[in-house]
Amino acid sequence: MNESSFVEKREPDWKRITFLCDKADMSPTSLTNDELNEFIRLYRNVSADLALVRTKSSNVPLVLFLNDMVGRAYGLLYRSKRNPILKALQDAVAGAAQTVRRRKWFIVTSASLVFGSALFLFLLFFLRPDIRAQYLGITTSTGAHFSARALSPTPGAPIAENGFGEVIKQWTDGKLPDRTSSESVAMWGMYASHNPLVAIISGSVAASTFGVGTVVMLIQNGQILGALSFEMMRVGKLGFLLASIFPHGVPEISGLIISGAAGLCMGWALINPGRKRRGEALLDAGKDAITLLATSVCMMFIAAPIEGFFSFNPNIPSWVKVVVIVVELIVWGLFWTGFGKSPEEQLEPA
């Protein structure tokens with residue numbers, strides 16, 4: 001094989017297909033019908049050139065050059081059709097719902113830790129008033145401290161590192177402070193910045209603690225809710241508290257529970273890897289865990305404007321907030337149980 005004459009003869013086609021590849025890289029639709037037909041013809045010719053060089057030549061640089069050219073043309077010619085943005089978004093939302101259903105037992109466990117610890121502390125305060133006094137001044141972890149700040153209805157109110165007594169004092173008078181529009185926007189920004197951080201910490205800490213860190217944070221956050229509920233019950237304003245925190249609490253607490261499920265999923269993979277190595281088990285579980293963490297962060301973002309503008313707005317009657325809570329529970333319940341069911345899920349017995 002005379003390589004010099006071969007290259008001289010075939011080089012115009014190689015330059016032409018390179019030009020068409022560059023044009024198609026910017027946008028596949030930029031090729032005219034004639035150019036597309038030419039592209040297909042040149043792709044076949046260059047593929048034949050590659051096969052010939054591999055068979056009859058030992059020129060490695062030439063083989064690599066043609067191989068890269070054919071690979072690039074193949075990738076442009078057979079690449080998958082890109083989904084529109086709205087379709088991609090719909091698929092992502094459906095994937096989140098499917099992952100939550102697939103990991104439902106971790107969701108149930110996470111919810112049990114949050115609400116179970118809240119109920120436990122609520123009942124414990126009845127039986128042991130001395131524990132109640134000690135608990136209100138106990139040092140909280142980072143995640144629990146952030147949750148205490150999120151429960152504060154007062155813009156910019158300081159939350160001491162040694163507990164959340166200030167939050168209780170702000171609530172027990174049964175009145176929500178007026179907020180200006182700028183204060184509501186500022187609180188929205190605060191909720192949108194630190195609440196997702198709580199979700200990320202709650203879920204991601206599991207990988208380094210075999211899930212123990214996630215369990216602790218879920219329990220502490222549940223205890224804050226239980227302690228605050230008990231204090232409001234003592235002054236006869238428990239209903240006021242629940243009506244004020246659950247309009248945003250439905251997506252926000254759901255986000256906390258989902259992030260906890262992500263952590264429990266990774267923790268369980270480390271504790272019980274089965275036949276896999278722990279690293280492999282963690283990698284497999286991490287696929288769903290990442291989806292759950294991303295979902296939890298989105299839930300926190302959804303809750304932020306509700307918390308900033310609606311939940312703590314003193315001009316909105318409590319009965320309106322209760323109606324919103326009921327509607328949210330129904331809508332989110334239908335979403336998590338039925339949205340975007342995969343063919344496999346549809347075949348499962350009811």
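How much accessible surface does the protein have, and what percentage of that surface belongs to carbon and sulfur atoms? The accessible surface comes to about 18,800 Å², and 64% of that area belongs to carbon and sulfur atoms. The structure is a predicted model, and the points below are set out for a reader meeting it now.

1. Overall make-up. The protein contains 15 helices and zero strands. Its chain has 350 residues, 43% of which count as buried. Among contacts between residues at least 6 apart in sequence, 76% join residues at least 24 apart.

2. Helices α1 and α2. A salt bridge joins the side chains of E35 and K23, with an N to O distance of 2.9 Å. This pair links distant parts of the chain, with K23 in helix α1 (residues 3–26) and E35 in helix α2 (residues 33–56), 12 residues apart. The two partners can also be described by their accessibility. E35 counts as buried because its relative accessibility is 12%, under the 20% limit for that class. K23, with a relative accessible area of 21%, is partly exposed.

3. A pair inside helix α4. D91 and K87 meet through their side chains in a salt bridge of 3.1 Å, N to O. Both residues belong to helix α4 (residues 85–102); they are four residues apart, so about one helical turn separates them. D91 counts as partly exposed at 36% relative accessibility, and K87 counts as partly exposed at 38%.

4. R102 forms a salt bridge with D288, and the closest N and O atoms are 2.9 Å apart. D288 counts as buried because its relative accessibility is 10%, which is under the 20% cut-off.

5. Salt bridges as a whole. How many salt bridges does a search of the whole structure find? The search finds 11. Beyond the individual pairs described above, R10, D13 and D49 are linked in a network of salt bridges.

6. Aromatic pairs. A search of the whole structure gives 13 aromatic pairs. One of them is formed by F335 and W336, whose rings are arranged edge-to-face, 4.8 Å from centre to centre and with 70° between the planes. The pair is edge-to-face because an angle over 60 degrees places it in that class. Are F335 and W336 buried or exposed? Both F335 and W336 are buried. Elsewhere, ring pairs link F122, F125, F126 and F230 into a cluster.

7. A nonpolar surface patch. Which residues make the nonpolar surface patch of about 370 Å²? The patch is made by L86, L89, V93 and F339. V93 lies in helix α4, the helix that also holds D91 and K87. With 30% relative accessibility, V93 counts as partly exposed.

8. Points to locate in the model. The E35 and K23 pair, in turn, connects helix α2 with helix α1.

Key
Residues numbered from 1 in each chain as written. Predicted model: local features only at pLDDT ≥ 70, side-chain atom pairs only at ≥ 80, totals over all residues. Heavy atoms only, no water. Helix = DSSP H or I, 4+ residues; strand = E, 2+ residues; numbered from the N terminus. Buried < 20%, exposed > 50% of the residue type's maximum accessible area, 1.4 Å probe, protein only. Contact = heavy atoms within 4.5 Å. Areas by Shrake-Rupley, 256 points an atom, 1.4 Å probe, with all protein chains shown as cover. Salt bridge = Lys/Arg side-chain N within 4 Å of Asp/Glu carboxyl O. Phe/Tyr/Trp six-rings, centres within 6.5 Å; stacked < 30°, edge-to-face > 60°. Patch = residues over 30% accessible without salt bridge, like charges linked within 9 Å, V, L, I, M, F, W, Y side chains within 5 Å.
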